[in-house]
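User: I am new to reading protein models. Can you walk me through a few features, one at a time?

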Amino acid sequence: MMQKIRSDIRHVDAQILAAVRQQSNSGSKAKEDLAAATQAIKELMNKIREIKVKAEQSETMVQEICRDIKKLDFAKKHITTTVTALHRLAMLVSAVEQLQQLTSKRQYKEAAGQLEAVNQLCSHFEAYRDIPKISELREKFKNIKQALKSLVFSDFSSLGTARLKEDTNLMQQLADACLVVDALEPSVKEELIKTVCSKEITAYQQIFEGTEVAKLDKAERRYAWIKRQLRANEEIWQIFPSSWRVPYLLCIQFCKVTRAQLTDILDGLKEKPDVGALLQALQRTLEFEEELAERFGAGTGRGKDGESDTEELDGDLEHESRSAAEIRKKYEKQLPARDRKGTQHSHGSGEARELSAYGAGFNFRGIISSCFEQHLAVYVELEEKTLMDNLEKLVQEETWEAEEGSQTNILSSSTQVFLIIKRSLKRCSALTRNQTLFNLFKVFQRILRAYAGKLSARLPRGGTGIVATATGTDQIKTSDRDERVICYIVNTAEYCHETAGQLAENISKIIDAQFADMVDMSEEQDEFSAVITRALMTLVHGLETKLETELAAMTRVPWAALESVGDQSEYVNGISAILSSSVPVLGGLLSPVYFQYFLDKVCFETIY
């Protein structure tokens, strides 16, 4: 066993020795490989340096070869630029000379084309403007343009004369002159248009300033004059390019001058203007403004909008057709349709704006008529007087009975009141939708408050009695007819309450935006609500008065001396008979809400 172990030890020692020797040989080989790699890197770096030196030498050689080529290239470029500039200079000199000759001969059509060419050539020499020759040519060109302008303005002085209509060649010459004006600076075109328009306006001012036809009642003659001028000059003004919009600009200047003259006339009146003459002048002015708006592409039919807005009120004022509750339901059904209509109208308006680009930037509506606004107080006063007179007449003629066959149980005067208000609104909205319409709205408020007062005044008045003394209220005696009238007043006040709100809504839609938020009928609606309350309380007190005798009999019964309870008392039979004769009739005339209120009040007043 020991022998075997020693043999294994020797074998292991031999293996260890072999491994050590092998490791020693590997270390030496690694050092040799590292030294070889280092040497290879050094050789590679040397080769890279040699390549870099050769590349620099090649670049230097190429630059030396191309140096002469670059000089030739720059020389060619400068020569080409110089030749082009000289060629353009020769063209500019020739073009200026030709333009001068065309100007002296008034050959405007050819001169316009030549003018465009010279403008383009001058733009190429903008960087050389300090060179004497270029500066000389530019100054000469400037003088030629000034001469052209003078000649054109001189020729246009014949515009509007009999000679122009007889000489067709002169018409063509002026048309060609417009081409020259377009080729000149924009300020020249503006000055020429202003001169042409001022010539027409001067003639207008001479006719309508400080003369007999300058009065307010002759306003339509002003508009007839400008219409005649537009028709008379339509053929002549065809010489102007359509892009100049000469008739359009003339009408703008005419409107501004007319507004100033009418303002002076209105401000210079020592007394209040005649309402008829004032409204006629305003109406003619509005019609003229609408014609201009339609003619120059800005027409949207304001009058139609006003009619559609006020026509919404017509349905609410139909005689004996709808109750206040039915009217409210009708408007609730119409709201979705109105929203859809508004959406469609907004899309249509966008298309109209695109089509009216010709008249963009100026709104003819109100340019003249707005000067009437502060003088329309007399019109509002007349409307108020007319409405008040009609209200008094309607109340005096009121029968205080619902018309036969009517299902609304309202007084006919109420529908008539809103009908005359609607007519007044349509008249005013056709004239103005500014402060005057708002002032008229205040008149409507006073009319409705006055009508509420008339309804309240028709209610039976009170006196004194047992029930009145016990309850602290006035005794009111009401007949069967009085009860019917009171019910009609309740229904009428309810109708007026609802319709007044719709009236305010319609007015807020058509009035200018600055006044829309101030259009409110809440106070007037409160007045009618108060009439309803007073009327119902009058019914309650009237019924109490009818029950007074029976209630007095009940108080005289010796309740303390009664020994037994018998059949139904006489006063109970009397109370039942009175209630049976009155209450069903009232229930048939009043709406369920107000009938229930009436019954609650009767119970409360009787028991407590």
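User: Which residues touch the most other members of the largest nonpolar core?

Analyst: One note before the answer: this is a predicted model. The largest nonpolar core has 142 residues, and Phe-156 and Phe-240 touch the most other members. Helix H16 (residues 480–510) gives the largest share of this core, 14 residues.

User: What does Phe-240 touch, leaving out residues up to four places away in sequence?

Analyst: Phe-240 touches Phe-156, Leu-159, Cys-178, Val-196 and Val-246.

User: Now the surface. Which residues form a nonpolar patch there?

Analyst: Met-1, Met-2, Ile-5 and Ile-9 form one. Together they have about 450 Å² of accessible area. Take Ile-5, which is found in helix H1 (residues 2–104).

User: Is Ile-5 buried, partly exposed or exposed?

Analyst: Buried means under 20% relative accessible area, and exposed means over 50%. Ile-5 has 38% relative accessibility, so it counts as partly exposed.

User: On to charges. How many salt bridges does the structure hold?

Analyst: The structure holds 17 salt bridges. One of them joins Lys-227 and Glu-291, with the closest N and O atoms 3.0 Å apart. Lys-227 is in helix H7 (residues 219–232) and Glu-291 is in helix H9 (residues 275–295), so the pair links distant parts of the chain, 64 residues apart. Lys-227 is partly exposed, at 27% relative accessible area. Glu-291 is also partly exposed, at 39%.

User: Which parts does the salt bridge between Lys-272 and Glu-381 tie together?

Analyst: These two side chains meet at 3.4 Å, N to O. Lys-272 lies in the loop between helix H8 (246–267) and H9, and Glu-381 lies in helix H12 (residues 377–397), so the pair ties together parts that are 109 residues apart in sequence. Lys-272 counts as exposed, with 59% relative accessibility. Glu-381 is partly exposed, at 42%.

User: And Glu-383: with which residue does it form a salt bridge?

Analyst: Its partner is Arg-427, and the closest N and O atoms are 2.9 Å apart. Glu-383 is in helix H12 and Arg-427 in helix H13 (residues 412–429), 44 residues apart. Check the accessibility of each end. Glu-383 counts as buried because its relative accessibility is 6%. Arg-427 is partly exposed, at 40%.

User: Which residues are linked in a network of salt bridges?

Analyst: Glu-401, Arg-481 and Arg-484 are linked in such a network.

Key: Residues numbered from 1 in each chain as written. Predicted model: local features only at pLDDT ≥ 70, side-chain atom pairs only at ≥ 80, totals over all residues. Heavy atoms only, no water. Patch = residues over 30% accessible without salt bridge, like charges linked within 9 Å, V, L, I, M, F, W, Y side chains within 5 Å. Areas by Shrake-Rupley, 256 points an atom, 1.4 Å probe, with all protein chains shown as cover. Salt bridge = Lys/Arg side-chain N within 4 Å of Asp/Glu carboxyl O. Helix = DSSP H or I, 4+ residues; strand = E, 2+ residues; numbered from the N terminus. Buried < 20%, exposed > 50% of the residue type's maximum accessible area, 1.4 Å probe, protein only. Core = buried A, V, L, I, M, F, W, Y, C linked by side-chain atoms within 4.5 Å. Contact = heavy atoms within 4.5 Å.
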